[in-house]
Amino acid sequence: MKELWNIFSKGLVAENPIFILALSLCPALAVTTTVINGLTMGLTVTFVITTNNVVVSIVRNWVNPKVRVPVYITSIATIVTVAQLVLQAYFPELYKALGIYLALVVVFAIILARAEVYASKHGVVKSFADGFGMGCGFTLAMLIISVIRELVGAGTILGMPVFGDGYNPMLMMVLPPGAFILIGYLVAATKTWNKHVEEKKAKEARRMELMKGAES
Amino acid sequence: MAEYLTLFIGAVVVNNFVLTKFLGLCIFFGISKNLSASVGMGMAVTSVMTMSSILAWIVYFFVLQPLGLTFLTTIVFVVLTASFVQLLELIIKKQAPALYNMWGIYLLLIATNCIVLAVPLLNVENSYSLLKSIVFAIGSGLGFALAIILMASLREKLAYADVPKPLEGIGIAFILAGMLSLAFLGFSGML
């Protein structure tokens, strides 16, 4: 159980697909103008990456390594088509808002990368945990970006006004330039945070060593 | 004629693929460190995109639509563009090794890239005619080339600039792209 939790949780922060691995940025920028769009995209990707990891893990012993990439791509494309049809049938408005980016989930580097790096070498349960963790990390990143963009750019969250009438929205944040600039600062913030954590760890290790030296 | 010109200019500057639609960002940030590589990449993307959208258009309107299989569009287009790029790579390697040495590496990178897949999908979604699809594909490709060449020229200058430590590398590149995107927003009133 502990092991599964570790596999799951590494996708959330330590190997976050967007902030750390910097993969699949196109959707992170394009559909995060509102929280609901960002959330839908995040959940769709979670569904696709988890299902695909399970499928790849099941068939991993029967697929000739030479044709593995085309097999993975076909599997991903099939799952994405299922997600597309479901969204189109039950949430037509969201389907329209996500538009072409939904079909482009097929070529997200992160999905193929997880299939190749993890699911093709591990069992079904572990691959499920890995895919689900990566998906949740992706959703988390989408939520952070879209909350900031909607809040600053429109003064609302999920369509509800937060700041009251006096707030003059900063329109640039919901337009493309705002997305680029925000991601730039978020990447810088993640980098600073990671450095801070590492320095703290190094300091702790040094202190422990000193204490050991003093004891002996 | 005016219709085609509007479509073309719209694809190159107004709806620039990279700066307003966020497509092809991986190659955009990966390659734009180097100016000559950016020129090569821009040309490779333009030509591959044009050829693959012609192919995809034919498959969609002569195979998928008559058979009522349009729900398979995503799957078919992914397999089609990926295998087309691989095939092109093989042919160029065999027939024109000099060209392959120059462009081969870029072909591999764009085999499954969102920008190459997006153009055929958009063509079909808007039900463009074949000629319109070609114009749109060339325009989008040149728009990509314009953005990546501009970005590469700026980043070469950036190498001598004094950037705050946390923003070094990809961080400042994003902010630079944001500024470029802001400049391109100025075109939006044109059409």
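I began with chain B, which reads α-α-α-α-α-α-α-α along its sequence. Its count is eight helices and zero strands. Helices here are DSSP runs of H or I with at least four residues, strands are runs of E with at least two, and both are numbered from the N terminus.

I noted the ground rules next. The model is predicted, so local features need pLDDT of at least 70 and side-chain atom pairs count only at pLDDT 80 or more, while totals for chains, interfaces and linings use all residues. Residues are numbered from 1 along each chain as its sequence is written, chains are lettered from A and ligands numbered from 1 in the order in which they are written.

**Chain B, overall**

I looked up the radius of gyration, taken over C-alpha atoms. It is 18 Å for chain B, close to the 16 Å from the globule rule for 191 residues, so chain B is as compact as a globular protein of that length. The rule is 2.2 Å times the number of residues to the power 0.38. The C-alpha trace of chain B spans about 60 × 45 × 30 Å along its principal axes. Buried residues are 41% of the 191 in chain B. Buried means 20 or more other C-beta atoms within 10 Å of the residue's own, exposed means 12 or fewer, and partly exposed lies in between, with C-beta atoms placed from the backbone.

**Chain A, overall**

Chain A has nine helices and two strands. Their order from the N terminus is α-α-α-α-α-α-α-α-β-β-α. I read a span of about 70 × 60 × 30 Å for its C-alpha trace along the principal axes. Of its 216 residues, 43% are buried.

I then checked α9(A). This helix has 40 residues and reaches 59 Å from first C-alpha to last, close to the expected 58 Å. The expected span is 1.5 Å times one less than the number of residues. Its buried residues include A:P176, A:F180, A:L182 and A:A188.

**Where the chains meet**

How many residues does each chain bring to the contact? Chain A gives 30 and chain B gives 32. Two residues are in contact if their C-beta atoms, placed from the backbone, lie within 7 Å. On the chain A side, α2 (25–30), α4 (68–90), α6 (100–103) and α9 (176–215) each supply at least two residues. The largest share, ten residues, comes from α9(A).

**The core**

A nonpolar core is a set of buried Ala, Val, Leu, Ile, Met, Phe, Trp, Tyr and Cys residues joined through C-beta atoms within 7 Å. The largest one has 99 residues, and A:I76 and A:L104 touch the most other members. Helix α7 (residues 130–158) of chain B gives the most to this core, ten residues. I followed A:L104: leaving out residues up to four places away in sequence, it touches A:C26, B:C114, B:L117 and B:A118.

**One exposed residue**

I picked A:V117, in helix α7 (residues 109–119) of chain A. Is A:V117 buried or exposed? It is exposed, because 11 other C-beta atoms lie within 10 Å. Its C-alpha atom is 28 Å from that of A:A189, a residue 72 places away along the chain.
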